[in-house]
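Hello,

Please find the structure below. My notes on it follow.

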2 protein chains.
Amino acid sequence: MINRLVEKIRKTGAPIVVGLDPMMKFIPEQIKEAAFEEYGETLQGAGEAIWQYNKGIVDAIFDLVPAVKPQIAMYEQFGIEGLIAFQKTVNYCKEKGLVVIGDVKRGDIGSTSEAYAVAHLGKVAVGSRMLPAFDEDFATVNPYLGSDGIRPFLKVCQEEKKGIFILVKTSNPSSGEFQDRLIDGRPLYEIVGEKVAEWGGECMGDEYSYVGAVVGATYPEMGRVLRRLMPKAYILVPGYGAQGGKGADLVHFFNEDGLGAIVNSSRGIIAAYQQEKYAKFGAANYADASRQAVLDMKEDIAQALVGR
Amino acid sequence: MINRLVEKIRKTGAPIVVGLDPMMKFIPEQIKEAAFEEYGETLQGAGEAIWQYNKGIVDAIFDLVPAVKPQIAMYEQFGIEGLIAFQKTVNYCKEKGLVVIGDVKRGDIGSTSEAYAVAHLGKVAVGSRMLPAFDEDFATVNPYLGSDGIRPFLKVCQEEKKGIFILVKTSNPSSGEFQDRLIDGRPLYEIVGEKVAEWGGECMGDEYSYVGAVVGATYPEMGRVLRRLMPKAYILVPGYGAQGGKGADLVHFFNEDGLGAIVNSSRGIIAAYQQEKYAKFGAANYADASRQAVLDMKEDIAQALVGR
């Protein structure tokens, strides 16, 4: 799957993943009204609104980008009905040829971690059958529990040719509380980064590993160091746009070949119509605003990479 | 909710939480056969088998213990249908008067962490209504992302009078890879433990905080240190039984008042009938075997606490 992701990044020329993190306040009123009219102000109504909103965006951007990253929390808060919208979104994006990164940040140990790996990347045994559950292409994983938490994911990745992105240095302001603490003079995120490189060596695609890393755009200098520590790991870069990361900050995350990083934008794309810059599209054409925001982001990154 | 948990622990005399982590290999054949006959070898069939299996155990143990801890990964691997079984289990346990700890180990940042908090402990806005989603009483949370990940949970805990258990030192063999690394001469888990005490101070119940910690039974000496660092935090202790933790190891996790810790056992109770010790019950009476295993565990812990 990492080979497919790299191929799609090359083909689209856009190292961009669109974060499908639908918040109710992003969804245009006309979509919410239609859903609530059909299902009432219920969890089912919310699920339907999310699904219709996502579908509009996916239809508008699927030919421009290699991948999408639905954040499962935004669906899970609506319970079962929200997760049905998540499942529909995953399936639809795959039908449209997009690589789907499930932003699930799961992490546990042993058989429990195996269950999460199976839930999102693998197949589960039911009697004599093996059945897929959520079936994304990649998943994000939390490393705090150590190798016991990661190995079951590696096993499923090897079997299914799928991949993971392990949290190394997250984009939030307080990520340093634990991740930056010095261990023998080196920050924890470097120690985790080294383990990512080690685990990744066991799961290599053609050029890059199935095992990638999450490193926030808001910490470009740390990105530079981690880029060197994990040369074969694809870096998933959140924090561009709304969280303050700029195109120029991104260059450190890429390798010399122009590959090695994929930059996420969520609200900057899916709620573009709510920004002054794209207000002219209006709520009715929210998906066209998202398309334009993708084109602008692609240009911003391309400029930064040319200019380095 | 922490007050209610403490009250129930006092009343039952059993600082025990039963881990409802149903694996297909634990479920007696007669239950699986009935479910597959009705729904086929499908995810729905698996969900039905899990739900019937759980119901039998809950009916057999609800009067003996204060709390249950369903591990969501074991349900999530069966997709939507598995999560419906999770939801049914949570609701049924609450009807039976049990405190429900959702072992979800979620952790993200900002609005995403808020969405997880809402999903498991709070209520979500849908139009003009506020609706609960999974609605457990407690949830487990991963601290790797720092305060930005924890604060949204604290907010929901304060609003809803619910609680969290933050991973501090997990029970698995490789937990030390990151958690034991020395920072200014002290292991990371101590630094996390101090933050737990700090966060917990903002969310106090009568005697204990809404903010507890997870510390594995397999590390009793670390439990002793952490007990002192977080005097007001309830400690959720996994790793008893199957993972090697023994009653005598548990004393360090309790305060002098005999409170302050609640010990989890999952397969040791729910799959007791598969152990030689309880084989005489047979698969047909699996729930009675679970009841006996709870009684034996209660005795084991009581002996250890008396003997200290």
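A disulfide is a covalent bond between the sulfur atoms of two cysteines. The rule used here asks for a pair of cysteine sulfur atoms within 2.5 Å.

Before the rest, some ground rules. This is a predicted model, where local features need pLDDT of at least 70, side-chain atom pairs count only at pLDDT 80 or more, and totals for chains, interfaces and linings use all residues. Residues are numbered from 1 along each chain as its sequence is written, chains are lettered from A and ligands numbered from 1 in the order in which they are written, and side-chain values use heavy atoms, leaving out hydrogens and water.

Back to the cysteines. Cys203(A) is buried, at 2% relative accessible area (buried is under 20%, exposed over 50%, partly exposed in between, with a 1.4 Å probe and protein chains only). Cys93(B) is buried too, at 1%. Over all chains, the disulfide count is zero.

Now the fold. In chain A, eight strands form a closed barrel with parallel pairing, in the order β1-β2-β3-β6-β7-β10-β11-β12. From one strand to the next, the twist averages 30 degrees. (Strands are DSSP E runs of at least two residues; helices are H or I runs of at least four; both are numbered from the N terminus. Strands pair if DSSP finds at least two bridges between them.) β3(A) pairs with β6(A), residues 138–141, over three parallel bridges. One bridge there joins Ile101(A) to Phe138(A).

Next, Lys105(A). An unreviewed UniProt entry annotates Lys105(A) as "active site"; such annotations may be inferred rather than shown by experiment. Lys105(A) sits in β3(A), residues 99–106. Lys105(A) is buried, at 9%. Its side chain makes a polar contact of 2.9 Å with the side chain of Asp103(A) (N or O atoms within 3.5 Å, one able to donate a hydrogen and the other to accept it; residues adjacent in sequence count only if both atoms are side-chain atoms). Lys105(A) also touches residues of chain B, including Gly107(B) and Asp108(B) (contact means heavy atoms within 4.5 Å).

Last, Asp103(B). Asp103(B) is in β3(B) and is buried, at 4%. Its side chain meets that of Lys69(B) in a polar contact of 2.6 Å. Among the residues it touches is Tyr116(A).

Best wishes

Conventions. Axes are lines fitted to C-alpha atoms, for helices over the stretch in contact, and angles run from 0 to 180 degrees between N-to-C directions. Lists of a residue's contacts leave out its neighbours within four places in sequence.
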